[in-house]
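Trainee: I am new to this structure and would like to learn how to read its features one at a time. Could we go through them together?

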Amino acid sequence: MQKISLALVLSVISAAAFAADEKKRPWDVEVDLGAIATSGNTETTSVQVKLDAKQNLEKWENQYILSSLFKEDEVTKDDGTTSKEKTAEKYFGSAKFAYLIGVEKSYLFGFGSHTHDEFGAYRSYSTVALGYGDWLYSSPTLNWFVEAGPGYFEGEKVIESDDPAIPDTLTDESGAMLRAATALEWKITATAEFKQTISVESGSDNTRTQSETSLSSSITEAMKMKVGFAVANDTDVAPGKEKTDTTTFVNLVYNF
């Protein structure tokens with residue numbers, strides 16, 4: 001009987017310790033860093049930095065994202081000479097506040113974002129939205145949520161000038177929009193993880209769709225390598241501007 005009692009006590013202690021380990025940390029922070037520089041026949045320089053911080057509270061799950069992209073390329077001019085010119089400069093920031101309302105991790109959310117892009121179809125683009133979200137599936141290896149709600153956007157559309165001496169014109173746009181987003185996180189193995197995020201912000205003037213697909217593999221406990229592909233699309237752009245921008249990246253990721 002004593003042996004059984006001792007075994008029971010040890011089992012309870014082990015279960016409690018395991019449950020404590022399973023508790024979420026107050027913060028989960030990832031920092032992505034990617035840089036490429038080439039010289040010789042082709043000269044390019046690009047830098048990509050991203051901070052993704054998730055805050056885990058008893059009734060709140062919040063997320064803060066900051067990212068930047070900078071690129072310089074060797075450009076050949078009409079007279080045959082070459083020079084290095086900036087070809088990409090983009091900054092993005094967002095914050096999402098999700099209040100858990102209980103059953104199966106459903107939540108109410110507030111979301112805000114701002115994008116500044118020196119070479120995009122829109123020089124700046126800001127959105128705010130409120131809505132409802134739910135986890136369609138949640139397990140230690142696979143998590144998938146969807147969310148949607150109404151919102152508002154403001155943007156500065158770039159109208160390119162035909163004369164290089166005349167600066168581009170910015171046209172203001174704003175109005176109501178509907179935002180929908182989904183994210184899938186799949187831990188394939190103990191060291192490999194697949195992520196897919198998609199968001200659609202649809203308004204009367206423009207529909208903006210953003211997607212990022214990535215696969216990461218752990219190098220150490222605090223560092224991993226990530227490869228991915230990002231797509232951003234605007235349905236309403238000025239003549240001469242592309243509707244779709246794509247970015248392929250290979251980054252080192254640090255976990256805190």
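**Reading charged pairs, core and surface**

Mentor: Glutamate 147 is buried, and arginine 179 is buried as well, where buried means under 20% relative accessible area, exposed means over 50%, and partly exposed lies in between (1.4 Å probe, protein chains only). This is a predicted model, in which local features need pLDDT of at least 70 and side-chain atom pairs count only at pLDDT 80 or more, while totals for chains, interfaces and linings use all residues. Residues are numbered from 1 along each chain as its sequence is written, and side-chain values use heavy atoms, with hydrogens and water left out.

Trainee: Which kind of contact do the side chains of glutamate 147 and arginine 179 make?

Mentor: A salt bridge is a side-chain nitrogen of Lys or Arg within 4 Å of a carboxyl oxygen of Asp or Glu, and these two side chains meet in one at 3.1 Å, N to O. Glutamate 147 lies in strand β7 and arginine 179 in strand β8, so the pair ties together parts that are 32 residues apart in sequence; helices (H or I, at least four residues) and strands (E, at least two) are DSSP runs, numbered from the N terminus. The side chain of glutamate 147 also meets that of lysine 96 in a salt bridge (3.0 Å, N to O), and this pair links strand β7 with strand β4, 51 residues apart.

Trainee: Which residues have the most contacts inside the largest nonpolar core?

Mentor: A nonpolar core is a set of buried Ala, Val, Leu, Ile, Met, Phe, Trp, Tyr and Cys residues joined through side-chain atoms within 4.5 Å. The largest one here has 15 residues, and Tyr107, Phe109 and Phe145 have the most contacts inside it. Strand β6 gives the largest share of this core, four residues. Setting aside neighbours within four places in sequence, phenylalanine 109 has contacts (heavy atoms within 4.5 Å) that include Lys96, Tyr132 and Glu147.

Trainee: How do strands β2 and β3 pair?

Mentor: Two strands pair if DSSP finds at least two bridges between them. Strand β2 (residues 44–56) and strand β3 (residues 60–76) pair in the antiparallel sense over 13 bridges, forming a hairpin with three residues between them, and lysine 54 stands opposite glutamine 63 in β3.
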